[in-house]
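Q: Hi, could you walk me through this structure? I'd like to start with the rings and then jump around a bit.

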Amino acid sequence: MLSVRPHPGGRAGRLLLAVALVAAGGTVAVAAATTTAAPARAAVVLNDSEVTANLWEWNWASVAAACTDHLGPAGYGAVQVAPPQESVKLPASADGAYPWYEVYQPVSYKLDSRFGNRQQFAAMVNACHAAGVRVYVDAVVNHMAGTNNPAGTRGYAGTEFSGYSYPAVPYGDGDFHRPGDNCPTGGAINDWNNEAQVTSCELLSLSDLYTEKEAVRNKIAAYLNDLIGLGVDGFRVDAVKHIRKDDFAAVLGKLNNTVVEGRRPYVAQEIFDGASNPALQARAYIGNGDVLDFAYAKGIRSAFQGSISALANVPNWNLDAPGANVFSMVTNHDLERDGVVLSYKNGTDYVLANYFALAYPHGKPSVYDSFTWSNRNQSPPHDGTGRVTDTVCGAAWTCVTRTTGVKGMVGWANAARPVKTVSDFTTVNSNVIGFHRGDRAWIGINDSGSATTATFATGLADGRYCDVISGVATASGCTGGTVTVSGGRASVTLPANDAVAIHVNARPGASPSPTASPTVSPTASPTVSPGDRIATTFTVTANLAAGQDVRVVGSVPALGSWTPAGGVELAAQGGGVYRATVDLPRSTAVEYKFVKLTASGAVTWESGANRTLTTPASGTYAVTETFRGDTVSTTVATTFSVTATTAYGQNVFVVGNTPALGSWNPAAAVALSSAAYPVWRATVDLPANTAVEYKYVKKNPDGTVTWESGANRTLTTPAGGTRAVTDTWR
């Protein structure tokens with residue numbers, strides 16, 4: 001839901017009960033869900049991608065299907081879904097429609113809504129997890145249903161309520177900021193820069209919860225913990241501007257860790273822009289989690305409706321918060337209805353803007369899909385009871401998240417993620433640009449009606465790459481276009497109103513079969529007793545595409561006897577490093593290679609001759625290699641974690657003696673995320689095999705900088721892999 005300061009001229013009057021998340025579809029049960037209990041989760045492995053698909057007002061069955069068929073295979077890290085709690089069921093309009101915004105008016109915390117029931121919700125979460133996709137829920141915790149609803153109105157599960165009484169929670173009269181009691185105006189907000197009004201008066205006649213009270217906090221936390229218990233991984237929290245920061249922090253402090261990953265749930269806060277009071281601006285809230293960046297979405301619209309050369313100046317835009325603290329977007333359900341951002345109605349501009357947002361290193365990008373609309377109150381497609389029907393992509397639903405180009409750019413974003421900077425931003429003309437992210441990925445965008453050919457610096461190693469906008473990389477080649485890089489540069493023709501994008505994980509698959517070993521016959525291998533085995537550790541650095549794993553396969557049965565499906569899968573160690581330990585026969589010559597394997601069985605062999613090793617007679621053995629044919633970064637992904645308490649408006653940064661850490665210039669320091677507050681964290685690519693000095697600083701709202709005390713901290717990066725430091729503010 002939107003909490004906005006009205007523009008001069010009374011804009012607030014046309015704001016409806018807005019908020020925002022995902023979900024869509026009908027009430028068909030998901031895959032025979034018969035219990036709300038989550039299954040054993042030990043085998044669940046979630047994607048580490050930062051990209052979220054925002055499936056706004058899709059039903060649970062449709063979200064589950066999208067995770068399984070599209071989001072998981074494409075490498076999305078999360079799916080954002082609509083509020084799952086029981087909401088008010090408003091009277092239908094003359095055409096039988098129920099407005100979209102009613103789902104932001106809770107009447108209970110039962111998981112029985114327009115999108116499905118508790119069993120269907122739990123089954124959806126399990127299906128998404130099975131596909132490797134996290135689930136973020138739109139949480140409505142600032143308020144309950146409006147006090148101005150017609151008498152006799154009930155919720156979708158039949159729950160009765162009235163005014164300031166919601167017995168199913170239960171909430172009673174004393175659990176709300178009542179007009180005349182707590183609100184300085186005696187009712188509605190009339191000064192959107194007055195923090196007391198914004199946090200204690202009613203937004204659009206919605207019953208405002210008295211979040212200063214411990215009993216209210218406990219009930220909100222119990223609802224969120226119920227969702228966490230079903231596997232929910234995070235929350236997009238509605239109307240956070242209307243909750244006092246310390247009240248919301250107290251609620252967050254009561255939340256359990258997530259079930260699958262055992263860590264604090266991800267939090268993205270809706271802080272609508274427009275306030276001149278620093279206490280009500282988004283960056284003042286990042287101590288409690290990430291924030292939605294409305295200014296970024298509006299800036300993207302301005303560029304794609306004007307000149308995309310302006311995208312070169314994103315670092316100078318007046319954005320809502322530092323990129324490390326942002327959940328970024330091109331649009332959401334509120335903004336598209338106000339016309340202040342792009343939407344599906346803008347055709348290729350909207351598609352190209354999504355490509356850009358997935359490519360540009362600002363925040364954690366999301367891609368939005370929902371239903372089409374001709375008026376701002378329009379309901380999603382639904383049955384006769386108001387429950388949303390299954391998503392069918394086409395006239396009634398938009399499905400850009402599953403297009404070839406957007407899926408390709410999700411893989412692009414995942415491949416480029418270790419590099420947080422843009423290089424060689426090239427402006428061919430006002431509507432043709434290109435840039436790359438280090439040695440990981442390059443994109444060119446043409447927002448004009450004519451094809452353009454130009455030469456770009458790509459940052460990539462020489463060779464042929466698949467254009468992920470027009471197709472995918474396969475073991476035998478590219479299903480779309482190809483780009484040839486020579487000397488780090490490429491001459492590329494960008495089609496009209498289209499883009500071309502390449503990255504290190506999308507190359508035509510050369511599949512050199514292993515050279516047959518004349519000396520080792522799998523069927524003739526002797527039986528090896530446990531005492532005759534040597535624990536052999538294989539470590540390889542590799543660039544994997546979404547849905548791929550890396551295996552070691554070789555000439556002995558323990559390595560699959562040259563059968564890729566029987567090879568040993570290596571586990572991710574972070575930073576593109578994978579490892580496994582295998583018991584091999586002692587005092588034995590072994591031939592082996594590394595392969596990449598997809599769930600469908602597509603195999604990519606590394607290039608070159610078979611590798612060889614000879615196990616010793618005793619002890620252990622280890623090999624460390626790089627997947628031949630891959631471009632491997634010479635940087636080490638280094639995670640800085642510091643425990644630091646801050647005042648509202650303060651942020652924590654790390655600065656040091658390398659360019660990646662700002663070369664001791666606080667203005668160029670790296671912002672740390674407060675998502676795990678009081679732990680602040682960020683990952684920075686530092687040069688390998690390098691001694692680094694660093695310190696933490698706090699930046700205050702007035703622009704001054706506070707350095708921590710003591711001597712410079714030091715670390716030394718390894719030759720490859722990752723590095724992590726954990727500190728406490730001094």
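**Rings, sheets and helices**

A: Happy to! By the ring-pair rule, the count comes to 30 aromatic pairs. Keep in mind that this is a predicted model.

Q: Let's take one of them. How are the rings of Tyr266 and Phe327 arranged?

A: Tyr266 and Phe327 form a tilted pair, with 6.4 Å centre to centre and 45° between the planes.

Q: And where in the chain do Tyr266 and Phe327 come from?

A: From distant parts of the chain: Tyr266 is in strand E7 (residues 266-269) and Phe327 is in strand E9 (residues 326-328), 61 residues apart.

Q: Are Tyr266 and Phe327 buried or exposed?

A: Tyr266 is buried, and Phe327 is buried too.

Q: Okay, another one. What sort of pair do Phe640 and Tyr694 make?

A: That one is edge-to-face, at 5.1 Å between the ring centres and with 70° between the planes.

Q: Which parts of the chain does it tie together?

A: Phe640 lies in strand E28 (residues 635-643) and Tyr694 in strand E33 (residues 691-699), so the pair connects parts 54 residues apart in sequence. Phe640 and Tyr694 are both buried.

Q: Which residues do ring pairs link into a cluster?

A: The cluster joined by ring pairs is made of Trp56, Trp58, Trp100, Tyr101, Tyr104, Phe371 and Trp397.

Q: What about lysines over rings? Where does the charged end of Lys698 sit?

A: Over the ring of Trp729, 4.6 Å from the ring's centre.

Q: And which ring does Lys699 lie over?

A: Lys699 is over the face of Phe653, and the distance to the ring centre is 4.1 Å.

Q: How do E31 and E32 pair, parallel or antiparallel?

A: Antiparallel, over 2 bridges, with strand E32 covering residues 679-687. Within that pairing, Ser673 stands opposite Arg681 in E32.

Q: Remind me, what holds paired strands together in general?

A: Strands of a sheet pair through backbone hydrogen bonds, in a parallel or an antiparallel way.

Q: Thanks. What is the strand order in the sheet with E11 and E18?

A: It goes E11-E12-E13-E18, an open sheet of 4 strands, and the pairing is antiparallel. Its edge strands are E11 and strand E18 (498-503), and each pairs on one side only. Neighbouring strands in this sheet are turned by 10° against each other on average, direction ignored.

Q: How does E12 pair with E11?

A: Strand E11 (residues 423-429) and E12 are antiparallel, over 4 bridges. Ser423 has His436 in E12 as its bridge partner. A hairpin with 2 residues joins E11 to E12.

Q: And how does E12 pair with E13?

A: E12 and strand E13 (residues 441-446) are antiparallel as well, over 6 bridges. In E13, Gly444 is the bridge partner of Gly434, while Ile443 is the partner of Phe435.

Q: Which residue has a positive phi in the hairpin of E12 and E13?

A: Gly438, with a phi near 55°; that hairpin has 3 residues between the strands.

Q: Last topic, helices. How do H4 and H5 cross?

A: The axes of helix H4 (residues 214-229) and helix H5 (residues 245-252) come within 9 Å and cross at roughly 50°. That angle makes H4 oblique to H5. H4 passes H5 in a right-handed crossing.

Q: What about H6 and H8, at what angle do they cross?

A: At roughly 125°, with the axes of helix H6 (residues 294-304) and helix H8 (residues 348-359) coming within 10 Å. H6 is therefore oblique to H8, and their crossing is right-handed.

Key: Residues numbered from 1 in each chain as written. Predicted model: local features only at pLDDT ≥ 70, side-chain atom pairs only at ≥ 80, totals over all residues. Heavy atoms only, no water. Pairing = 2+ DSSP bridges. Phe/Tyr/Trp six-rings, centres within 6.5 Å; stacked < 30°, edge-to-face > 60°. Buried < 20%, exposed > 50% of the residue type's maximum accessible area, 1.4 Å probe, protein only. Lys NZ or Arg CZ within 6 Å of the ring centre and 35° of its normal. Axes fitted to C-alpha atoms, helices over the stretch in contact; angles between N-to-C directions. Parallel < 35°, antiparallel > 145°, perpendicular 65-115°, else oblique. Left-handed = near helix turned anticlockwise from the far one by under 90°.
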